[in-house]
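Here's a quick walk through one model, from a helix and a strand to the ligand shell. Have a look at the sequence and the structure before reading on.

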Amino acid sequence: MTTVGEPDQVVPDEARPWPRGAARHYRRDPLGFVEQAARARGPVFRLPDDGSLCVADPVEALRILHDEAGDYDEVSGFFHVGGGLLGPRATQAAIGRAARTTLRAHVAAHRERLPAVVAELGEVSQWPSAGRDAVHRFLAGALLRPDSPPALRELMAHVVRREVLIRPSGRLARVSRRALWARVVRTIAAEVRHRRPRPRPGALPDASPPGPGDLLDAVIGATPPETPAEHVAQVYLLLFRTSIAPVGHVVAWALLSAAADDVDLAAVPAGSAVRESLRLWPVAWLLGRPVRRAHQVGGVPLEPGESVSVCPYLLHRDERHWPQAAAFRPERWDGSEPRGPYLPFGGGPFTCAGAAVAQTLATDLLAALTDGARLEVRAGPGRPHVEGIITPPPFLVRRTARRT
Ligand code: HEM
């Protein structure tokens, strides 16, 4: 059977149909597939499942993300709720800003708690769930304030434990995740109704919560009052998930990659290790854009209704721009080496609202893990789980005091 990447089969023409089985190959191993496809067909090719145009050309990627020509629909995939979009765009931007402000204030006020959070993982921890767990425990008060109903707080902890934060493979897992997701949305929507200010005649409305607000207050405050409570709940849940899983995974990838390439994390700046982890394993590896106007990308004609997918994963592993691209080398970020295209948080008008706070938190968490400790990583045989975001395969970490 013909497979992607067999050199004698190569025809440098993106329009050439994929051989039979290519879609299955892509679903089974998306990262391996796009790497082979880019080698065989160049930096612009169609994905075999939905025909979306995958783009790993740095100039085209930035042009797409910045979209100054208005070639793409102005929608942020982030705000899809209840079969529609929570909008307008100004509301979406306000929600992103409010979420960022809440998390940033929490990280700045509580970062000295991180060593205790790390200690609670115990001497041996199972990753990547330990990373999500640590981020959740550290951010808990910012995600849901302490005076929230205990049942809701327990439900959100259950969401983290049950790994609803990552999209599971397998039909049963998906069905059970959807059921839990629906229950959580209903419960949060009830809390939204409860928290929304109810102005009394003649009285000034008072929306301020007792004490510092949490992420749910941030979303409620940034959305018009007529927004259905279920839509507010869904956006909150997406932000809850985004605040935990990608940040935990960036730290997990740093641990795993450093172990694979024999890098002593205690000897490199944590910020450089986090940047390098996001280069090698950009958790948001494919950024989709729906085509609005007919135009061309890399010489390929596109029509309205089609879509393009900018691929940070391929851009970050292009040997022409990143020497020894497949190696984990935090020293790239010391300032001496030239750097290539780097889009872990996207670019243009839809750039990640939480980029800076996510990077700070991942850096602080990694520093707390390596500080005064010796880390022993035992990797398993698994492959990354790729659905939406890239999740590292399970591995164990033994953390013991470093002898001086
Ligand atoms: C390491 C962690 C994170 C990574 C890798 C990441 C990555 C991304 C990427 C690539 C996008 C752009 C998607 C696109 O262009 O289609 C995005 C959007 C977004 N991210 Fe993050 N993110 C992270 C953490 C966070 C956190 C902690 C927040 C919480 C404030 C957040 C909030 C958002 C929002 C609101 C958007 C939508 C922006 C808009 O459309 O206006 N992200 N993120």
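## Helix α2

How many residues does helix α2 have, and how far does α2 reach from its first C-alpha to its last? Helix α2 (residues 30-41) has 12 residues and reaches 16 Å, close to the 16 Å expected at 1.5 Å a residue (the expected span is 1.5 Å times one less than the number of residues). This is a predicted model, where local features need pLDDT of at least 70 and side-chain atom pairs count only at pLDDT 80 or more, while totals for chains, interfaces and linings use all residues. Residues are numbered from 1 along each chain as its sequence is written. Helices (H or I, at least four residues) and strands (E, at least two) are DSSP runs, numbered from the N terminus.

Phe33, Val34, Ala37, Ala38 and Arg41 are the buried residues of α2. They cover an arc of only 130° around the axis, which puts them on the same side of α2; the arc is that of the directions from the helix axis to the C-beta atoms. Buried means that 20 or more other C-beta atoms lie within 10 Å of a residue's own, with C-beta atoms placed from the backbone. The cover over these residues includes α1 (22-28), β1 (44-46), β2 (53-55) and α12 (312-315), going by contacts (C-beta atoms, placed from the backbone, within 7 Å). Just after α2, Gly42 takes a positive phi of about 95°.

## Strand β9

Strand β9 (residues 307-310) has Val308 and Val310 on its covered face, with Ser307 and Ser309 on the uncovered one. Strands β2 and β9 run parallel, joined by 3 bridges, and Cys54 stands opposite Ser309. Strand β6 (residues 287-290) runs antiparallel to β9, with 4 bridges between them; here Leu287 has Val310 as its bridge partner. Strands pair if DSSP finds at least two bridges between them.

## Two enclosed helices

Helix α9 (residues 215-222) has 6 of its 8 residues buried, so it is largely enclosed by the rest of the structure. Helix α11 (residues 270-280) is also largely enclosed, because 9 of its 11 residues are buried. Among them are Arg275, Glu276 and Arg279. The cover over the buried residues of α11 includes α10 and α13.

## Around the ligand

The ligand is surrounded by 27 residues, the closest being Ser76, Pro246, Gly346, Cys352 and Gly354; a residue is near if its C-beta atom, placed from the backbone, lies within 6 Å. Helices α4 (89-110), α10 (229-260) and α13 (355-370) each supply at least two residues of this shell.

Notes
Buried ≥ 20, exposed ≤ 12 C-beta atoms within 10 Å, placed from the backbone. Contact = placed C-beta atoms within 7 Å.
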